[in-house]
Amino acid sequence: MPFFIKIHFSNIMVIFLSSKLNRETFIRSIADLLRKAEIELPDDVLDALRNAEAREENPVAKSQLQAILKNTEIAKNHGVPMCQDTGIQIFFAELGSEFQPGFDLEAAIREAVVLATAEIPLRPNAVDPLTRKNSGDNTGVGIPDIHWKLVPGKQLKITVAPKGAGSENMSALRMLNPTEVGSIKNFVLETVVNAGGMPCPPLTLGVGIGGSFDKAARLAKEALLEPLDTRMSSFEKEILEAVNALGIGCMGLGGSTTALAVHVKTAHCHTASLPVAINIQCWANRHASVVFGGEE
Amino acid sequence: MEHHLQTPLKIEDIENLNAGDIVYITGEILTARDEAHARILEIEEKGEELPFSLEGAVVYHCGPLMQQTAKGEEEEWKVVSAGPTTSDRMSKMTPPLLKAHNVRAVIGKGGMKSVASALKDRCVYLAYTGGCAALAAELIKEVKTVHWLDLGMPEAVWVLRVQEFGPLIVGIDTKGKDIFAEVREKAEKVLEGMQK
């Protein structure tokens, strides 16, 4: 058993390692990370929800926001998932070029998901797409979904973002014409109107612009991980204001806060295309990170 | 207006509920989502009997997270987390369900498109705050039984005893008033204005 120290920030845990990462330590940490993500919202998300509740003047919307805040407290105090849709498990991993794991990280992550499903517990959500047969442990072909990024350095950072279906189902992707940059905002608004109360607003909107068909979607999902207190660009603010002017409100029952934040991520794309993806996130913007290796 | 209702519900219990009112329910509710709705209609079509009664029933669009605390004959389950799922997925199956059974209230989230006329004089749609599963679990006092567990934990029909289950907002009343449709129409108008 190697010596290690854990330090917790709001939703990021740092594990300093004195020697090579041990497989059991890793699996335990990832299962704990999942527990944290399912039970506690990051501080920036909670703050944004509290602000929305304080601002809201529509009594029905206010009652809904109060129920959400009460729910997050009960979940934290009782140590139970805040939503019964504990999602499918999506991981974003950044592997430092000098970090030597010494074991199959993907297999270990899968094992951690099975462990967390049984012990937290999580709702088994993974099914075969055609037969709809449930695997029972949240794993299956291509699931958990793990995205790897190779980065310089000696650390391994893993973020988990459990994603529920209600909001994911309302997400959209469109291949716009290159001359249609001006209609990106309209596409976001149409998507939000079409979604109404179904994705559990107040939402976080991740908008991926450029790249390719699949890259735009990935950018949109990554944008959801941005802290909600990040300064928004004037483009992001413009979209957010327009979204909130729609009056859909908390749970689609009307009100002033339909979205808490809009985050846009871009990538260069082919001169002949303009892919735009909108990933919708419900109020339960769940995610947590762990860093193995400590300081560089 | 705030209302406290006891199941099974009679038509008189729901006739005077107005869209926007707050409701709390005590008694028995049944969970049913996509697969359970499909099976109920299938059984109906074959003219067979359901293993549970829907007379005066409250149907909750919910795929709960349950934990089995005892197995075998004395099977026991505990609710871990049980918030509402997106109701609109059941929109097409709800009118035939209401035609065949006297379901008096449907609980879910996000509203249902084009069901207000099927609900008229028969049933109310009650909105429960989406994602508030830990709060809901506190108000569910007992898992009475489970049907159709072969459909998987989220899709099975769970019979739950609840106490003061709410706050539920009347989203669609028996007079055909639909808050979700009104909000959606208003949002479409605002969007049209922006597009000009």
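Reply: One term before we start: domain bounds here come from an automatic or database domain assignment. It's a predicted model, where local features need pLDDT of at least 70, side-chain atom pairs count only at pLDDT 80 or more, and totals for chains, interfaces and linings use all residues. Residues are numbered from 1 along each chain as its sequence is written, with chains lettered from A and ligands numbered from 1 in the order in which they are written.

Me: OK, which domains does the assignment give for chain A?

Reply: Domain 1 (4-40 + 81-163 + 286-292) and domain 2 (166-281). Their C-alpha centres lie 26 Å apart.

Me: How many residues does each domain of chain A give to the contact?

Reply: Six from domain 1 and four from domain 2 of chain A. "In contact" is for two residues whose C-beta atoms, placed from the backbone, lie within 7 Å. On the domain 1 side, the largest share is three residues from strand E5 (residues 156-163) of chain A.

Me: Switching topic: what's the strand order in the open sheet of four strands?

Reply: E6-E9-E7-E8 in chain A, with mixed pairing. Helices (H or I, at least four residues) and strands (E, at least two) are DSSP runs, numbered from the N terminus, and two strands pair if DSSP finds at least two bridges between them. E6 (172-176) and E8 (259-267) of chain A are the edge strands, each pairing on one side only.

Me: And how many bridges join E7 to E9 in chain A?

Reply: Six, and the two strands run antiparallel. For one example, Gly208(A) has Ala277(A) in E9(A) as its bridge partner.

Me: Now the two chains. How many residues of chain A are in contact with chain B?

Reply: 41 residues of chain A, with 41 residues of chain B. The largest share of the chain A side, 10 residues, comes from H3(A). By class, that side has 24 nonpolar, 15 polar and two charged residues. Ala, Val, Leu, Ile, Met, Phe, Trp, Tyr, Cys and Pro count as nonpolar, Asp, Glu, Lys and Arg as charged, and the others, Gly among them, as polar.

Me: At what angle do H6(A) and H6(B) pack?

Reply: About 170 degrees, with their axes 10 Å apart. Axes are lines fitted to C-alpha atoms, for helices over the stretch in contact, and angles run from 0 to 180 degrees between N-to-C directions. The two helices are therefore roughly antiparallel to each other (under 35 degrees counts as roughly parallel, over 145 as roughly antiparallel, 65 to 115 as roughly perpendicular and the rest as oblique).
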